[in-house]
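Please brief me on this model. Cover confidence, core, pocket and local backbone features.

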Amino acid sequence: MTDTPLTPPRLPLLWKRLDKAWLAILLIPLVLALFDPAQVWPTLDFAARALLHTGMFIVFAVLAVGYLKASGAETLLAKAFEGRTGRMIILAALMGGLSPFCSCEVIPFIAALLAVGAPLAAVMAFWLASPLMDPAMFLITSGTLGIEFAVAKTMAAVGIGMMGGFATMALAQSPVFADPLKPQKKSCSSCCGSPSAFSGKPVWAFWHEAPRRGIFRETVVENALFLGKWLLLAYMFEALMLEYVPAEMVATVLGGDGLRPILLGALVGGPAYLNGYAAVPLVDTLLQQGMSNGAAMSFMVAGGVSCIPAAIAVWALVKPRVFAAYLGFAFSGSLIAGIIWNLIA
């Protein structure tokens, strides 16, 4: 009997487990070494300097998120889903735009709320606002694009959440939102925690408890690596764009003050959006090359809501027609945000 080779079946599994961001970081200088060796060092130097410049924002961001996680601040999230529906929508949009918790993490929490009859309108408000802004993203955005842009994006997140929430409430009896949930076989578990994580009270002085100190250390390290790799990749892309993408082309396609660049920013934002943090340096480069302010805002907003983690969180729980409404709210909200920001900026 001959042995069956194990290598081929293992390759797909290895590819699945491989971190694509780190792989891209390694491949970029290798590809440059083959096709444009003179650009290898300038690209690495640009990325390292940019990452160092953003370092203080990264440090503050990861410490802030670590504190919120270790203290159990996510328990405050449940308060947004109590009381009248209108009040729930407003609080859910505010909590979604300010909370530091990923879309995947709140899947079991939202699933439990929907299962016990929490209004879809309030959940929609939270889902729309949540992927657009959090404390870490606010710091990274303000450090790169300016405090005004970060505040405007935060206001856009809350505004879009409220718009989608109140629209869902008004259309609650329509065929689109009737019986919105998919049958749930099991909930997300590995990285997401559980609904019980959102119960109890926060312990603000978390350092007195060893398990919470462990959560703080784990969260800080995990977020530092996460932010570091995505920002490093983004800065490498930024260096390549500055070198190889003509500014005139960007200015022609995404420049100007009309509706067209804002519409294009929203349309391109979804498929081109790598990550909320990685998008910040890329948008900064595009703005330097002639991208309009409104297009930058619509790109950031549309891409944030429709990025894969955020979209999967919604797709996992609701039926396709509700998911389509979610994307519709995101797209229309990104256009409104882009138009308003273009007028202000």
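The briefing below takes these topics in turn.

This is a predicted model. The mean pLDDT of the protein chain is 80. Of its residues, 82% reach 70 or more.

**Confidence**

- Helix H9 has the highest confidence in the chain, at a mean of 94.
- Confidence is lowest in helix H1, residues 7–17, where the mean is 65.
- Over residues 186–196, pLDDT stays under 50. For this stretch the model has 14 contacts beyond four places in sequence.

**Nonpolar core**

- The largest nonpolar core holds 83 residues.
- Six residues have the most contacts inside this core: Phe 81, Ile 110, Trp 127, Leu 128, Met 300 and Tyr 326.
- Helix H10, residues 210–244, gives the most to this core, with 11 residues.
- In soluble globular proteins, nonpolar side chains tend to be buried together.

**Second largest pocket**

- The volume of the second largest pocket is about 240 Å³.
- Its lining has 14 residues, and Ala 152, Met 155, Ala 156, Ala 337 and Ile 340 are the closest to its centre.
- Helix H9 (147–170) and helix H16 (320–344) each supply at least two lining residues.
- H9 provides the largest share of the lining, 7 residues. H9 is also the helix with the highest confidence, at a mean of 94.
- What is the make-up of the lining by class? There are 12 nonpolar and 2 polar residues, and no charged ones.

**Helix H13**

- H13 spans residues 279–288 and is mostly covered, with 8 of its 10 residues buried.
- The buried residues are Ala 279, Val 280, Pro 281, Leu 282, Val 283, Asp 284, Thr 285 and Leu 286.
- Just after H13, Gly 290 takes a positive phi of about 120 degrees.

**The loop between H9 and H10**

- Asp 179 lies in the loop between H9 and H10.
- Asp 179 is not a glycine, yet its phi is positive, at about 50 degrees.
- Most residues other than glycine have a negative phi.
- Is Asp 179 buried or exposed? Asp 179 counts as exposed because its relative accessible area is 53%, and the cut-off for exposed is over 50%.

Terms used: Residues numbered from 1 in each chain as written. Heavy atoms only, no water. 1 Å grid on protein atoms, 1.4 Å probe; cavity = no way out; pocket = protein on both sides within 12 Å on 5 of 7 lines; lining within 4 Å. Points joined across faces, edges and corners; volume = space filled by probe spheres on them. Helix = DSSP H or I, 4+ residues; strand = E, 2+ residues; numbered from the N terminus. Nonpolar A, V, L, I, M, F, W, Y, C, P; charged D, E, K, R; others polar. Core = buried A, V, L, I, M, F, W, Y, C linked by side-chain atoms within 4.5 Å. Buried < 20%, exposed > 50% of the residue type's maximum accessible area, 1.4 Å probe, protein only. pLDDT = per-residue confidence, 0-100. Contact = heavy atoms within 4.5 Å.
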